There are 2 protein chains.
Amino acid sequence: MAEPAKSSPLSELRIALPSLPMRLQEVGRFVAANDYDATTRSMRDLAAEAGADPAAFTRLAKAIGYSGWDELRAALTEARRPSQIAPFSVRAKSRRHGPNADVALVTDKLEAEAAGLPRIPAQPIAEAARALHDAKRIWITGYRSCRSVAELLNYELRLFRPEQVQLVGVSGPDDLDLGAFRPGEAVIVIGFLPYTHASVRVAQAAHRAGATLIAIADSLSAPMAEGADHVLLFEAASSPGFFPSLTGAIAIAQSLAAVTFSLGGTAAKKRLENTEARLAAASIYVSEKG
Amino acid sequence: MAEPAKSSPLSELRIALPSLPMRLQEVGRFVAANDYDATTRSMRDLAAEAGADPAAFTRLAKAIGYSGWDELRAALTEARRPSQIAPFSVRAKSRRHGPNADVALVTDKLEAEAAGLPRIPAQPIAEAARALHDAKRIWITGYRSCRSVAELLNYELRLFRPEQVQLVGVSGPDDLDLGAFRPGEAVIVIGFLPYTHASVRVAQAAHRAGATLIAIADSLSAPMAEGADHVLLFEAASSPGFFPSLTGAIAIAQSLAAVTFSLGGTAAKKRLENTEARLAAASIYVSEKG
DNA sequence: CAATTCGTGCAACAAATGTTTCATGGCCGA
DNA sequence: TCGGCCATGAAACATTTGTTGCACGAATTG
């Protein structure tokens, strides 16, 4: 296995963890999960809380290349030390070129997207959520990269309205679903430039069928926004890079789901609890440990 | 002696400072200025650096109402403890009613997520992108709500590396793919609390096969982060509402794709152009009209 | 099945920690 | 000037710290 850059003692620990004896894995996990206590409290103290032998900590440190627990803790302490000079020094020194050009690209991107989120109009989202709340059935559409947004929305809505939410095109060709739209139902279409023919077709079908059309798009003049009852705007081109940004669309989708759930009241809450109980019973999730 | 509002040990110190003997003032100022070292390093060590007598630290602690240096340090340690994300307090807060309660929920959510994005560590993303660039093949995994993130990443990476990127589990049961992992390949696993067994299985299989493991998770102690060569952290619980937030994970995925594309240089650019040309030829997109 | 390695808990070890005591020296009031 | 007081440093103290040697048991190997 290749050496993956000795960035932090915690990552060294993580990497070595799986190849360690069982007990050492336990204490290793404990250290990773409680690294602040690891730097401040004593070895024996930690051992008592972790329910392990104090010696295990020393052995762990040696197993991952340190001379002893003291040295490991010193490394953790340094890694945790609050950085005195904050973002500007990093930002100024590594613009565009140099070895850190990639890092600069990432920070620029994240900042741009963070700046874009508060510009999303909230009012239309709340109104659209009410429309979803009133809808007898909810269809969701998104193609190409927007498919991920559609699926997330589908997933979250189905957590508390399982029988009434459906992705367009999952159970056969899209066209079969298009004929099923009815008044009183809601159809969500997600898309941005360049717009796919398929998404426009869905929007038109929804409009023609008299269903409530909700468009999540990057522009009011997007073709699937024509005739839409609710248009939720986000900025797809706000961040640097070559692909349009979906962060805004995801944020909208999640807000939409959250408000819709909130409108659902205790009934929605109960259905969510049922769903979660079923998932837990099927032991889908890794149980949390003390 | 009056209790001076036990807000923080540091403020107690500052208040009592002027009425202390000269040497104790010096030591007190040193502690206030280096409180991180005060919690991590030993008393004698600090004394050496401050140029003072070790006993002065004990006397200082007693002078401001503690039983000894140990107790003062414990108080400083607790005051410095990183605030573990408290979703409940956020949820319990201002459950505002009235007509605009829904709008307020949306704006709160968007602002919280916007605040979370710049906190994402950029360096690991850049390093992980380089690993992807070097990988002969890229596998992507995400279950439940993380599936959407996995699919977005899959989509964007396939735009310029179509033959080398694959979602785990699309062409049959996951287990078939798990056996296909090879050294020199990269496996991306996305997940957050509660963690699914399936994602942990994939991560372990990747590690066992000697493939480069990249984990996108909400915690360093996430089970799929064990043994990972790269861990990309985001805050799933940062925003109000009942569902964990995927905005950070999406932002990471997009940054990862962008940097990987950037590393690909002209070759990647050419492949992307080919893909776009093919899509255009199939008239997937609505042509832009004046 | 025997031999051996390896992982693990226990207990004793030396080193380091925080505390206390004691001696010194400066300061102020009588 | 004397005597008490307090601040201060150095050294001795008991305690706690991290470490290591040892024994026992499980897993592995020949």
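**Exercise 1.** How many residues surround DNA strand D, and which are the closest?

*Solution.* This is a predicted model, in which local features need pLDDT of at least 70, side-chain atom pairs count only at pLDDT 80 or more, and totals for chains, interfaces and linings use all residues. Residues are numbered from 1 along each chain as its sequence is written, while chains are lettered from A and ligands numbered from 1 in the order in which they are written.

Step 1. A residue is near a strand if its C-beta atom, placed from the backbone, lies within 6 Å of it.
Step 2. DNA strand D is surrounded by 18 residues. The closest are Met43(A), Gly68(A), Trp69(A), Pro21(B) and Arg23(B).

**Exercise 2.** State which residues come nearest to DNA strand C, and give the classes of its surface.

*Solution.* Step 1. Pro21(A), Arg23(A), Met43(B), Gly68(B) and Trp69(B) come nearest among the 18 residues around DNA strand C.
Step 2. Ala, Val, Leu, Ile, Met, Phe, Trp, Tyr, Cys and Pro count as nonpolar, Asp, Glu, Lys and Arg as charged, and the others, Gly among them, as polar.
Step 3. The surface near DNA strand C has ten nonpolar, three polar and five charged residues.

**Exercise 3.** Describe the contact of chain A with chain B.

*Solution.* Step 1. Two residues are in contact if their C-beta atoms, placed from the backbone, lie within 7 Å.
Step 2. Chain A gives 69 residues to the contact and chain B gives 68 residues.
Step 3. On the side of chain A that touches chain B, 42 residues are nonpolar, 16 polar and eleven charged.
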